[in-house]
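Here's a quick tour of one model, written for someone who likes to know the cut-offs behind the labels. Take a look at the sequence and structure first, then read on.

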Amino acid sequence: MTESLLALGAMLTLVFLRVPVAFAMALVGFIGLGLLRNWHSAYAMAGSVIYESGFQYLLSVLPLFILMGNFVTQSRMSRELYTAAHAVLGHRRGGLAMSTIVACGGFGAICGSSLATAATMAKVAYPEMRRIGYSEKLAAGSIAAGGTLGILIPPSIIMVVYCLLTEQSIGKMFAAGVLPGLLAIACYMGAVAWVVRRDPAAGPKGERSTWPQIRQALGQVWSVLALIAMLMGGIYAGVFTPAEAAGIGAFLGFVFACSRRSMSWRTFVEVVVESAKTTGMIFLVMIGALMLANFINFTSLPGDLLELVERYHLSPLAVIFAICGIYIVLGCVLESMSMILLTVPVFYPLVQSLGFDLIWFGIIVVVVTEISFITPPFGMNVFVLRGLLPGVSTQTIFRGVAPFVVSDIGRLTVLILFPAISLYLPQFVS
């Protein structure tokens with residue numbers, strides 16, 4: 001265990017010295033294996049990881065889903081989603097904040113990125129909420145919290161990476177995220193209701209939409225719902241694989257953007273280049289994390305963790321809560337992809353040996369990662385909003401997300417104590 005802890009300490013030190021996370025993990029894994037075994041093994045491991053990461057078929061899911069999300073973002077679909085949610089909920093006290101959360105859930109289902117969801121909805125929802133008279137705290141807090149739904153509601157890039165690391169079914173993982181995602185939306189809407197009940201001025205009522213206006217608004221988002229239903233339904237029914245679904249989704253996203261006349265040659269090039277940059281970043285972090293994970297697997301850390309649990313007679317649930325605590329702390333200094341790639345190879349053998357379902361554990365990991373997006377001092381969604389909303393202070397945004405963090409902790413506890421919520425739908429996926 002000593003070698004592993006020294007390696008993790010060295011990696012975090014390099015990160016604090018502003019070495020990119022991918023290179024910090026790769027360097028520590030390569031040097032660690034060279035010192036622990038021999039340099040020939042270290043070179044062989046590095047070459048094997050780089051080659052397998054570049055040529056593994058299942059990894060084609062990542063760039064294709066990223067490309068689909070960028071095409072959909074380019075089509076400005078977020079505004080239609082927000083308009084539809086606004087038409088249904090806008091007349092309620094706090095209704096615009098609730099509409100923002102529902103729209104974030106819908107947009108996250110086809111975007112798959114928390115940061116992109118928060119950034120996009122900030123441009124759409126924040127001006128409207130401020131125009132009606134919403135407080136800065138509730139307006140910014142609901143967008144930051146709603147943005148986290150992008151990695152929980154499938155398809156999700158984080159879920160794909162987790163399945164690749166643990167060799168689980170991507171289709172079952174996507175199915176497992178549906179009910180927790182709906183629960184997350186309900187909990188966030190409950191947090192908004194609690195805020196406006198304590199301070200009615202924070203979220204005044206908007207104008208009530210007429211039935212023709214509601215029908216028109218809902219009619220504008222039928223294509224979004226059809227795209228989501230087709231992709232998820234096709235995966236769940238076994239009509240096509242997740243990789244095939246990603247390819248179909250990317251193509252349909254392109255067709256949808258063209259049909260809305262929001263795609264020129266210039267924007268097409270920008271979307272492809274941006275998707276390539278994001279994919280390259282993820283692959284670099286993945287290669288670095290796998291190199292570090294390979295080194296840790298050569299040490300005694302996985303076995304030592306299990307021995308520690310048995311020695312102190314820790315209950316399995318206590319171990320899960322301890323792992324969640326570690327994730328929340330790491331979320332203060334690492335971004336989500338790096339955190340999952342670094343920790344999942346260490347924790348999942350322990351979790352599996354304790355008898356837990358790895359699909360369920362994946363949902364827990366994703367939910368804890370969600371929480372890290374909005375917790376101080378380095379909540380990524382908060383700082384994205386801080387850059388897009390220069391008139392709103394970081395302290396105001398953190399105060400605005402506080403009720404949603406409380407809601408998240410309660411939801412996490414429910415999902416841990418009642419695994420059936422996450423495991424009900426996967427049993428129907430072949």
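Predicted model: local features only at pLDDT ≥ 70, side-chain atom pairs only at ≥ 80, totals over all residues.

Let's start with Glu370 and Arg411, which form a salt bridge with their closest N and O atoms 3.2 Å apart. Glu370 lies in helix 19 (residues 358-372) and Arg411 in helix 21 (residues 394-417), so the pair ties together parts that are 41 residues apart in sequence. A salt bridge here is a side-chain nitrogen of Lys or Arg within 4 Å of a carboxyl oxygen of Asp or Glu. The helices are DSSP runs (H or I, at least four residues), numbered from the N terminus.

Arg411 also has a salt bridge to Asp408, at 2.3 Å from N to O. That pair sits within helix 21, three residues apart, or about one turn of the helix. Is Glu370 buried or exposed? Glu370 is buried, with a relative accessible area of 0%. Asp408 is buried at 0% too, and Arg411 is buried at 1%. For these labels, buried means under 20% relative accessible area, exposed means over 50%, and partly exposed is in between (1.4 Å probe, protein chains only).

## Where the numbers come from

Residues are numbered from 1 along each chain as its sequence is written, and side-chain values use heavy atoms, with hydrogens and water left out.

## Another salt bridge, and the cysteines

How many salt bridges does a search of the whole structure find? The search turns up four. One of them joins the side chains of Arg266 and Glu270, 3.5 Å from N to O. Arg266 and Glu270 are four residues apart in helix 15 (residues 265-298), which means about one helical turn separates them. Arg266 is exposed, at 64% relative accessible area, while Glu270 comes in as partly exposed at 43%. As background, side chains of opposite charge can pair when their charged atoms come close.

On to the cysteines. A disulfide is taken as a pair of cysteine sulfur atoms within 2.5 Å, and the count by this rule is zero. Cys258 is partly exposed, with 31% relative accessible area, whereas Cys324 is buried at 5%.

## Patches on the surface

There's a patch of positive charge on the surface, made by Arg92, Arg93, Lys205 and Arg208. Lys and Arg count as positive and Asp and Glu as negative, with His and the chain ends not counted. The place of a charge is NZ of Lys, CZ of Arg, CG of Asp or CD of Glu. Arg208 sits in the loop between helix 11 (178-198) and helix 12 (211-219), and it's exposed at 62% relative accessibility.

A nonpolar patch also shows up on the surface: Leu27, Ile31, Leu35, Trp39 and Tyr43, with about 540 Å² of accessible area together. Patch members have over 30% relative accessible area and no salt bridge; like charges are joined within 9 Å, and nonpolar side chains (Val, Leu, Ile, Met, Phe, Trp, Tyr) within 5 Å. The areas come from the Shrake-Rupley method with a 1.4 Å probe, and for residues only the protein chains shown count as cover. Helix 2 (21-36) and helix 3 (39-55) each supply at least two residues of the nonpolar patch, and helix 2 gives the most, with three. Leu27 belongs to helix 2 and is partly exposed at 42%.

## A few local details

Which way does the phi of Glu167 go, positive or negative? Glu167 isn't a glycine, yet its phi is positive, at about 60°. For context, most residues other than glycine have a negative phi. Glu167 is in the loop between helix 9 (157-166) and helix 10 (170-176), and counts as exposed at 73% relative accessibility.

Leu62, in helix 4 (residues 61-74), is buried at 1%; Leu62 and Ile158 are 96 residues apart in sequence and 9.4 Å apart in space, C-alpha to C-alpha. Arg130, in helix 7 (residues 114-132), is partly exposed at 36%. Arg130 and Ala140 are 10 residues apart in sequence, with 9.8 Å between their C-alpha atoms.
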